[in-house]
Each structure stands twice: as C-alpha cells, then as structure tokens.
Amino acid sequence: MWRCCENFSPLKYALSSTLLPCCRFSSHFKAPFSSHCHGKGGGAAAGARNEKLRVFIVAGEPSGDLIGSRLMASLRRLSPRPLQFAGVGGNLMKREGLVSEFPMEDIAVMGVAELLPHLVRIWVRLRQTVTAVMDFRPHVVVTVDAKGFSFRVLRSITDAYRRLGVSRPPLVHYVAPSSWAWKGGENKLKNLADTLDHLLCILPFEAALFKAHGIKATYVGHPVLEDAFTSVATGENPAHCRWWIKGSKSCSRQDFGLQSGSTVVCVLPGSRAQEVKRMLPLFESALDLLADKVPMLTAIIPTAPSHVITDAVTEAVKSWKTPNILLPYASEKDKYSAFAASDVSLCTSGTAVLQLQMARVPTVVAYRAHPLTEWLIKSRTKLHYISLPNILLDSPVIPEALFADCTPQRLFTLLCQVLEDSEVKEQQAKAAEQVLSMLVPPQQSVLESTGSLCSVENVFDWRPSMAAASTILTLLQIDKT
C-alpha cells in the first residue's frame, strides 16, 4: 500500500495537475521546422546523414540524471550521425556534453505539501524548458522519469507546435508512470497517447499494460542493471555472475581506514533535499541506539552527486555521535565500495534499494513524508509494500519502516534483526537474484523492438540504455547499420 521510488513514485508532483497548470505559449515563437502539416511526431527526424541529430533531454532528479547520462552515451555509440544535446540535467549528463538550461535541483521536488512552496519556481522553469525546446529545434525530445514535470513539458510542447500549425518532433518518455500502483490510475492513461509517441518501460509487465491503452511502449530493462557491466570483464555476461557486484570487504575496509572488527552501516538518506532533511535525524537517532548495543559502530554515507544534497548531509553529520565516513558526490564506484565494506544498510526508499541488492547488502528500508502526502499515499495506492523487490515478490523480504512506524526505535529493532539473523540475510540474498533476473529484458523482445543489435557485436554488451537508445533511433527512422 505504499511507495516504491525505484519506479513507483507516489505523489511525485502528486496531484500537481490541480496545482501546476500546463504552460500556454503564444504565436511569438518562430516555426522551428519548414513543415506545413499539422500532427504529432513529425518534426525534423529526417535529414542528411551528416546533419547533427539534435536531442533535447530532460531529467529532474539524480536517478534520472544517471539514466539520462547513460542514454546519451548509448545514443552516441549507436547513432551513425553526430549528436547535439540540449536540455536539463545534473552533473552526470553534463559530463556527457549537456549544457543544462538551469540547475536540475530546481525541479527535484516530490509530494503535495512539499511542492506548494516551489510552485512559482517550477512554473518558471517549465516555461523556460519549453522555450528552449522551440529554440533548439530538436529531432526528438526525451524526458526521463519525474513525470509531474516531464508530462507538463510534453503537453506544453504539443500545445506550442499546434498553435504554430506545424508538426512537432517525436516525444519519448523514459521510465513509465506507475499508473498500475494507484486506484483508478489506468483511467488517467487515455490522454497519454496524445502526448507521447513512445514510452520506454523499465518493469517487465508495463509495456503490455500501456499498449492495451493505445500507448506505444517498449520494455528496455531496468537501468540499475547497467551498474553490473562495470564490474565484469568486457564481453562477459553479467547474468553469469547472477547480477552480483562483488567487492572485497577487507580491501574496501582497508581503503576506508576501518578498524578490524568494526560493524559498518551504509546510510543512504535519499537524493532529494526534503528527503535528506526528514530522514537523517531519524537515522542519527537509530544509530545512537545501535551504538549502545554494537561496539565499534561506524556509518558510511555516500551522497548524491549534487551540491545541495552533499552540503546538507555534510552539515548534518558534523554533530553525529556515531563515527562516520562521508563520501561526498559519490560516484557509482564509490557507492559500491561503500556497499562492499558494509554489514548492513539503512536506506531511504529509492533506486538505492536495488543497488544494495546488486551488492547483496542486507538492508532496512525507511520512508517518511509530510503528513498530508502520507495520508494521500495511504488512501490512494493499491500496493502493500514500498520497495520494488517486495512489490515484485509480493513479500516483505526487505524489512520496511514506513510513515508513523518509521521511528528511531523501530529502525533500531529492524537493524538488530538484520544484523543478527543469518536467515534474514540469506532470504534477502536469494530474493536479490530472483528480482534482478526479472528486470532483464528478454533478448528476443529487444531484437524485435530495435530491429538489430546495431553496431554492438556482443549481445552480452547490450545494456538497458542501449535498448532505449536503439528504440529511439528506430522511432526516428535512423539507419543504425
């Protein structure tokens, strides 16, 4: 009955359709393409082979920044034409060549009560994004997750082109909305087909659901699986390693300067400012309780690659009694090194839950929100669990402390249970292998949706981002051979 941030993000800009109106644009825009037709998905996909393929891409939060950066790299790898990117993203997308229109953190807000103070700023950023699209004249627009902001951008783009009487470029959204998780959620899909040309799904059951509602969709695999490709030899199939990113506990602990016999808790407070502010005090108090029972307790805290999050965490942990090691602006390599050194993790619900499963770290999941947001989630969701592994298995394999039940005492109790019970650890390890194998797209479906493996000779190097990139190029009718 809860929230799963790995894909199900209840009230991410929840109910914001009543709070944030779709932008309207007048005819002061110049027609971006020399087209006389009026329709959807036309744009400027066709063009000379040496013409740059212009991709406008928008991500609204750190997990989307990672997904977007990998998509950009895969598009560059597969496209026979040079690429030019514009849009909104974070540090990872900037490393791939994006010059962001504004700081991604400006739109990284989730929840109803949490959204209200930021409405004006988000509305301004929405207008700025659509203006940038019109000026850039893209061949395709790709939005990544953050559906509250993303779908308003896509609707506003559609409105702007319609007013100009020209065909808009294809619109693609990566990470499907979790309509399946909400009471009456599927009823809201009827208008999505007019906004989207293609939906890239990351859960195995989603593509069929959206196709049944007239929305073109492709299952491309879960983005977190891509982490595994960094831990295996080139050309090796990560599935042969059971999607297990193995690290050396002794080497990692030595690298972090940890004493022999230390009990290490990996603390992951979230990737949004309001999550960090709400969760860190709870985590601090829980660790204080744990320190009274567990000698030589140390916390390792990787932060999201965002100065807002890193600054907030850095300031907060200065006063902690529990010894801690802070990993600011943690890369994926830093994060998995921290996982390898850890005995257990205390994690705010999010993508990190699946990453911890890939490292086989026993985990306790926690989540709190504004009371209004919590009430809306509990009254509207159809789910019984918060974390994706529990949702997919329909079983509380990973202990969860949610909302009013998310107290320092409850977190302490669950941490002790996971640390002391070997059966709980074994169950989580078995569940991890089962869940991760469910998130791999069948090879045949990838081949059918993309037409070929393009320039990738080894099928085992076919990553989720490459399936997504090839689907986009196929949509644009770009010859990938």
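Tutor: Glu 420 forms a salt bridge with Lys 293, and their closest N and O atoms are 2.9 Å apart. The model is predicted, with local features requiring pLDDT of at least 70 and side-chain atom pairs pLDDT 80 or more, while totals for chains, interfaces and linings use all residues. Residues are numbered from 1 along each chain as its sequence is written, and side-chain values use heavy atoms, leaving out hydrogens and water.

Student: Why is the contact of Glu 420 with Lys 293 called a salt bridge?

Tutor: The term requires a side-chain nitrogen of Lys or Arg within 4 Å of a carboxyl oxygen of Asp or Glu. The 2.9 Å between Lys 293 and Glu 420 meets this limit, so the pair qualifies.

Student: What makes this pair a tie between parts apart in sequence?

Tutor: Glu 420 belongs to helix H15 and Lys 293 to helix H9, so the parts joined are 127 residues apart in sequence. Helices (H or I, at least four residues) and strands (E, at least two) are DSSP runs numbered from the N terminus.

Student: How do you know whether Glu 420 is buried or exposed?

Tutor: Its relative accessible area is 56%, so Glu 420 is exposed; the limits are under 20% for buried and over 50% for exposed, with partly exposed in between (1.4 Å probe, protein chains only). Lys 293, at 47%, is therefore partly exposed.

Student: Which classes apply to Lys 335 and Glu 332?

Tutor: Lys 335 has 16% and is therefore buried, whereas Glu 332, at 21%, counts as partly exposed. Their side chains meet in a salt bridge of 4.0 Å, N to O. Both residues lie in helix H11 (residues 332-341), three residues apart, about one turn of the helix.

Student: What does the salt bridge of Arg 272 with Glu 61 tie together?

Tutor: The closest N and O atoms of Arg 272 and Glu 61 are 2.7 Å apart. Arg 272 lies in the loop between strand S7 (263-268) and H9, and Glu 61 in the loop between strand S1 (53-59) and helix H1 (62-78), so the parts tied are 211 residues apart in sequence. Both residues are buried.
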